[in-house]
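Subject: Structure handover

Hi,

Here is the structure I promised to pass on to you. Please open it next to this email, and then read on for what turned up.

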Amino acid sequence: MAIPRRRHHYHSRTRFLLPAIFAILFLFFFLLFLAPSPNDDDNNHLRHFSGGKGGVNEIGVPTFRLRISGGGVHNRDLWSSRNSKFFYGCSNASSKFAKAEAITHPNRYLLIVTSGGLNQQRTGITDAVVAARILNATLVVPKLDKTSFWKDSSDFSDIFDVDWFIKHLTTDVSIIKDLPLRRGQIWAPYRMRVPRKCNERCYINRVLPVLMKKHAVQISKFDYRLANKLDTDLQKLRCRVNYHALKFADPILEMGEKLVQRMRMSSKHYIALHLRFEPDMLAFSGCYYGGGDKERTELGKIRRRWKTLHSSNPDKARRQGRCPLTPEEVGLMLRGLGYGKDVHIYVASGEVYGGEETLAPLKALFPKFYSKDTIASKEELEPFSAYSSRMAALDFIVCDESDVFVTNNNGNMAKILAGRRRYFGHKPTIRPNAKKLNRVFLNRNNMTREEFSSRVRTFQRGFMGEPKEVRPGRGEFHENPSSCICEDSEAEKKMDWGRQKIGKGNVAKKKDRDDMKKDIEAVVHDENVDDEPEMADPEDEDDEDSPPGEVSLSRSQVEASSNGTSTDYDPFMSEETELDELLSD
């Protein structure tokens, strides 16, 4: 009887003990649910999404609590591209690429005059070297644009290290600083223009005959005058010029390095933001930002500088993702991606439309907000401040050295830096998916913070600067230099982490692998990649953009024609009258 009694007492105690344990566990989880997150303090603000559930901060911006820690996009490291170590820049010439001394013709000189601001000129300089190589000509150090909207009197040597430029490209293209005298007198080169996106045959057909007759040709308005797709060796030459030969002059480099060091002094990581919210950019975009008649009048007046722009449809432009995000929207996007309030942000920008009032929401989201004017003294910036290109070069350096670069439009600086950061290790480069994010911003009052963050992360997949986000050959080459990026032959195997057998301990790893694969293989149909119009200088409105004729000559045919050999094809039969007159000289 003793044994049944002990069993009875055991069950009796268990009957009372189990409910007590469940009650304690229930109370523990209930209190845990009510307790605030350790990171969800009163200082972590995001714009209020649903009426009546928040306050306002000290500057009157509606607030919304957002957990600032976390993994960002699919729990990835916020400060690096997960797979960057498997890709590297590769721009060495192949064994078939002849040395410059073997192919350069004597008495054949190419001069170019760039157009636009610093980064537009950079593309022109890069393409000029390749054009000289196509023509087997000696390149005279390019002249920078001094007369257009930017009104900068800087010479090439004021911006770039000219001696390094010439020396670094010695084996690729013959480059000299000045056109030599002709019979003891200054030589006036023949001036001409070429269409945009002019390919190798185009240069052989249009420029080579003129060059062989006149011996010195100057091409003006030289921006985007070379085709996007070229032979691989020519593409690699582009990369050697852009990423290795074009080094900033020492005064710019030294000041730029100081700015970077100062950003690093107070934070291990920083974000550089090319805000691009200046009046001219907004006017060119044709977008509307809620400023009423005052905004329409002010921006409309600026927009009229571009005579060929059609009347704008702001709602359509925003739906299509062609409007720069407001500073507040950029901040919301970054918070949605997981960047917290303690993150340091360097803003590269000119005059922001609306001034401090426009910037206030961004500064509320990211109070640690800097620019070259706040981390350098007026005296330090004085040698650069009167020159727009030199000031832009300082911003370029800080943005290039940043852990994360965020661009708010797809203009020249954004493209150049995106390509450069891909080439030098795929450092994170965030470009807003404005078309998709527009819908999120419009509906943010009807969603929770978790839903908002989830949608931002989803729509930004493919816009974060990861390897293979953009198909080879898509977009501008300066933005996506695919011919100059090589992949570790073991990359696929390594990126898949050896495809471990899934068990209890590997479920999380499988999820990470799946997320990683989605990011790598994501090919986003971006409406802005190919079709977004460039904000050109209004003085370029008469620019010749017509494509070259369908018929083309080989280099040997052109040279034979120039040497008097008979040919049935007139290379300028469909060209401008001035070229016909030239050949009849």
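**What was found**

Lys372 is buried, with a relative accessible area of 7% (buried means under 20% relative accessible area, exposed over 50%, and partly exposed in between, using a 1.4 Å probe and protein chains only). This lysine sits in helix 15 (residues 372–375). Leaving aside residues up to four places away in sequence, Lys372 touches Leu259, Tyr346, Leu381, Met391, Leu394 and Asp395 (contact means heavy atoms within 4.5 Å).

Before going further, a word on the source: this is a predicted model, in which local features need pLDDT of at least 70 and side-chain atom pairs count only at pLDDT 80 or more, while totals for chains, interfaces and linings use all residues. Residues are numbered from 1 along each chain as its sequence is written, and side-chain values use heavy atoms, with hydrogens and water left out.

**The chain as a whole**

The protein chain has 25 helices and 12 strands (DSSP runs numbered from the N terminus, with helices being H or I of at least four residues and strands E of at least two). Of its 585 residues, 52% count as buried. Among contacts between residues at least 6 apart in sequence, 78% join residues at least 24 apart.

**Salt bridges**

Side chains of opposite charge can pair when their charged atoms come close. How many salt bridges does a search of the whole structure find? There are 22, where a salt bridge is a side-chain nitrogen of Lys or Arg within 4 Å of a carboxyl oxygen of Asp or Glu.

One of them joins Arg196 to Asp223, with the closest N and O atoms 3.2 Å apart. This pair links distant parts of the chain, 27 residues apart: Arg196 is in the loop between strand 5 (190–192) and helix 6 (200–206), and Asp223 is in the loop between strand 6 (216–222) and helix 8 (232–245). Both Arg196 and Asp223 are buried. Together with Arg225, they are linked in a network of salt bridges.

Helix 9 takes part in two further pairs. Arg262 meets Glu380 at 2.7 Å, N to O. Here Arg262 belongs to helix 9 (residues 250–265) and Glu380 to helix 16 (residues 378–385), 118 residues apart. Arg262 is partly exposed at 28% relative accessible area, and Glu380 is partly exposed at 23%.

Arg264 forms a salt bridge with Asp403 (2.5 Å, N to O). Asp403 lies in the loop between helix 17 (388–401) and strand 10 (404–407) while Arg264 is in helix 9, so the pair ties together parts that are 139 residues apart in sequence. Asp403 is buried, with a relative accessible area of 14%, whereas Arg264 counts as partly exposed at 29%.

**Helices against each other**

The axes of helix 8 and helix 18 (residues 412–423) come within 11 Å and cross at roughly 90° (axes are lines fitted to C-alpha atoms, for helices over the stretch in contact, and angles run from 0 to 180 degrees between N-to-C directions). The contact is made by Cys239, Asn242, Tyr243 and His244 of helix 8 and Ile416, Gly419, Arg420 and Tyr423 of helix 18.

Which residues of helix 20 (residues 449–459) are buried? They are Phe452, Ser453 and Val456. These cover an arc of only 95° around the axis, which puts them on the same side of helix 20 (the arc is that of the directions from the helix axis to the C-beta atoms). Their cover includes helix 13 (327–337) and helix 19 (434–442).

Best wishes
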